[in-house]
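Here is a short tour of one structure, written to be read with the model open beside you. Take a moment to find your way around the chain before reading on.

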Amino acid sequence: METLKLAIVGCGEIFISHWDGYVEQYEKGFRDFEITAFCDLDITRAEEYAQKYKEVFGKEAAVFKSVDEMLNSTVEFSAVSIQIPHNEHHIESMKCLKAKKHVVIEKPLAITLKAARMMMDCAKENGVTLKIMEDYRYALSERAAAWAVRSGLIGQPRVLNVMDIALRQWSWDWRDEKYIAGGGWTLDGGIHFVDLWMNILGGVKRVTAVSRCYDNIRYKKFIKKKTKANEKAISKYRKTRSIQFVERENLEDPVESNLEDTTSAILEFENGVLGTWVVSRAATGRLDRTFCLSGSEGSLLWKDGIYDYNNDLVISWEELQEEFLQNITKEEEEFLFPHGLRKTMALEQREFIDFLFGRRELEVTAEVGYRDLAVAYAVYESAELKQSVLVEDVMNLKVANYQDDINKVLEI
Ligand SMILES: NC(=O)c1ccc[n+]([C@@H]2O[C@H](COP(=O)([O-])OP(=O)(O)OC[C@H]3O[C@@H](n4cnc5c(N)ncnc54)[C@H](O)[C@@H]3O)[C@@H](O)[C@H]2O)c1
């Protein structure tokens with residue numbers, strides 16, 4: 001049997017979920033991949049996973065503390081999975097692409113569109129594949145939501161209303177630094193949602209936005225506050241570290257952030273849908289994570305389900321997933337969830353592996369990641385210019401005022 005030899009670059013926070021994805025694949029019987037190297041600037045992280053790999057998969061993997069070292073070694077691999085801070089995406093991925101390795105990289109594709117273009121060109125020039133990891137749409141619930149809208153359960157989609165309102169006073173390391181992260185939560189987390197909406201509704205044509213930084217102080221030392229109400233509030237939409245609660249009286253070690261903490265945007269989709277997208281991590285009090293798409297015959301409220309014309313909840317979120325599975329063929333189900341895989345990371349890893357073996361097409365390509373990045377950055381560009389921007393102009397690099405500063409500082 002053919003085996004894909006894979007190297008891992010970046011064994012930090014998100015690799016915990018990637019690891020679970022590889023384990024789920026293994027548990028469901030997939031044996032066509034092998035991890036031959038773990039690489040992290042913090043070698044102890046690479047070593048920890050090499051040890052786990054030996055325990056779970058029964059095989060040895062090499063460890064490296066830099067991509068250069070890994071590429072110069074004799075260890076065999078034909079593909080690399082990269083999950084590192086945004087400012088390094090183009091640097092480390094292009095080293096691998098130039099060495100003729102296929103690359104799958106965490107979102108956002110790059111810290112700017114210019115850097116993303118360089119990566120895409122580099123992949124083409126070297127005849128290898130560059131894929132983005134954008135996992136949210138692979139979830140059963142999101143597949144069901146997309147199916148519901150496409151099947152006409154809410155009629156003709158009209159209005160998308162998104163409130164992503166919370167408070168984050170704690171410091172999130174490199175994510176609070178513009179020249180490493182690129183943007184705040186609108187870019188970092190928002191890009192996932194942009195991908196979900198465009199997967200359902202198609203492209204965004206124009207964006208009009210404003211941004212603010214209400215509070216640029218974050219605290220490195222904090223104590224997490226755990227109450228039942230908070231846990232419930234967090235699980236209401238989606239668990240994410242971006243909205244964990246902390247004890248206000250125990251915040252210590254302040255640091256300054258040079259990023260926005262709030263944006264408010266109007267999204268005009270190509271199909272006529274009007275979206276309002278409000279993001280804040282500076283809002284005290286009630287958490288609000290309402291994601292709602294309304295149409296001519298009803299609405300889809302994420303986590304709740306389908307409301308009919310008269311505002312009655314007619315299909316719950318859980319029922320929607322069951323209905324979706326009942327309405328697709330066994331072949332379609334196997335295509336979307338091979339061998340019953342459910343973890344989103346496992347599903348995107350599987351797509352990449354199956355694609356490299358010529359068994360299927362890629363769904364979430366670098367081009368998809370580029371378009372998602374353009375819409376997220378259109379918010380920043382519009383806020384900077386104080387006028388509406390066409391996503392097409394952001395994609396063509398005609399509008400890049402906000403990103404030009406990043407490109408200049410990072411010499412992109
Ligand atoms: N899909 C998701 O839901 C999701 C969630 C979180 C993060 N992410 C993305 O994953 C990426 C990493 O985020 P994270 O939260 O894991 O960050 P992190 O800081 O927790 O981990 C990054 C790791 O990469 C290592 N590293 C940094 N530069 C390196 C280099 N040049 N070579 C080798 N190792 C290097 C660091 O030592 C660290 O261990 C980002 O692109 C982020 O946006 C995606």
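Which residues in α13 are buried? In this predicted model, they are T344, M345, A346, L347, E348, Q349, R350, E351, F352, I353 and D354. That makes 11 of the 13 residues of α13, so the helix is largely enclosed by the rest of the structure.

After the helix comes G358, which has a positive phi, near 75 degrees.

**A neighbour of the helix**

T129 sits in the loop between α5 (113–125) and β6 (130–133). Is T129 buried or exposed? T129 is buried, because its relative accessible area is 15%, and the cut-off for buried is under 20%. Leaving aside residues up to four places away in sequence, T129 touches L97, H102, V103, F352, F355, L356 and L362. One of these contacts, F352, is also on the list of buried residues in α13.

**Spaces inside the model**

| Space | Volume | Lining by class |
|---|---|---|
| Largest cavity | about 150 Å³ | four nonpolar, six polar, eight charged |
| Second largest cavity | about 70 Å³ | five nonpolar, no polar, five charged |
| Second largest pocket | about 310 Å³ | seven nonpolar, five polar, three charged |

The largest cavity holds about 150 Å³ of space. Its lining is made up of 18 residues, and those closest to its centre are R168, G184, W185, E260 and R281. Helix α8 (residues 185–188) gives the most to this lining, with three residues.

Of its 15 lining residues, the closest to the centre are L167, Q169, F245, V246 and T284.

**Cysteines**

How many disulfides does the structure hold? The number is zero. As a reminder, a disulfide is a covalent bond between the sulfur atoms of two cysteines. For C11, the closest cysteine sulfur is in C39, at 7.4 Å, which is too far for a bond; the cut-off for a pair of sulfur atoms is 2.5 Å.

If you are thinking about accessibility, two cysteines can be set side by side. C11 is buried, with a relative accessible area of 4%, whereas C213 is partly exposed, at 39%.

Conventions. Residues numbered from 1 in each chain as written. Predicted model: local features only at pLDDT ≥ 70, side-chain atom pairs only at ≥ 80, totals over all residues. Heavy atoms only, no water. Buried < 20%, exposed > 50% of the residue type's maximum accessible area, 1.4 Å probe, protein only. Helix = DSSP H or I, 4+ residues; strand = E, 2+ residues; numbered from the N terminus. 1 Å grid on protein atoms, 1.4 Å probe; cavity = no way out; pocket = protein on both sides within 12 Å on 5 of 7 lines; lining within 4 Å. Points joined across faces, edges and corners; volume = space filled by probe spheres on them. Nonpolar A, V, L, I, M, F, W, Y, C, P; charged D, E, K, R; others polar. Contact = heavy atoms within 4.5 Å.
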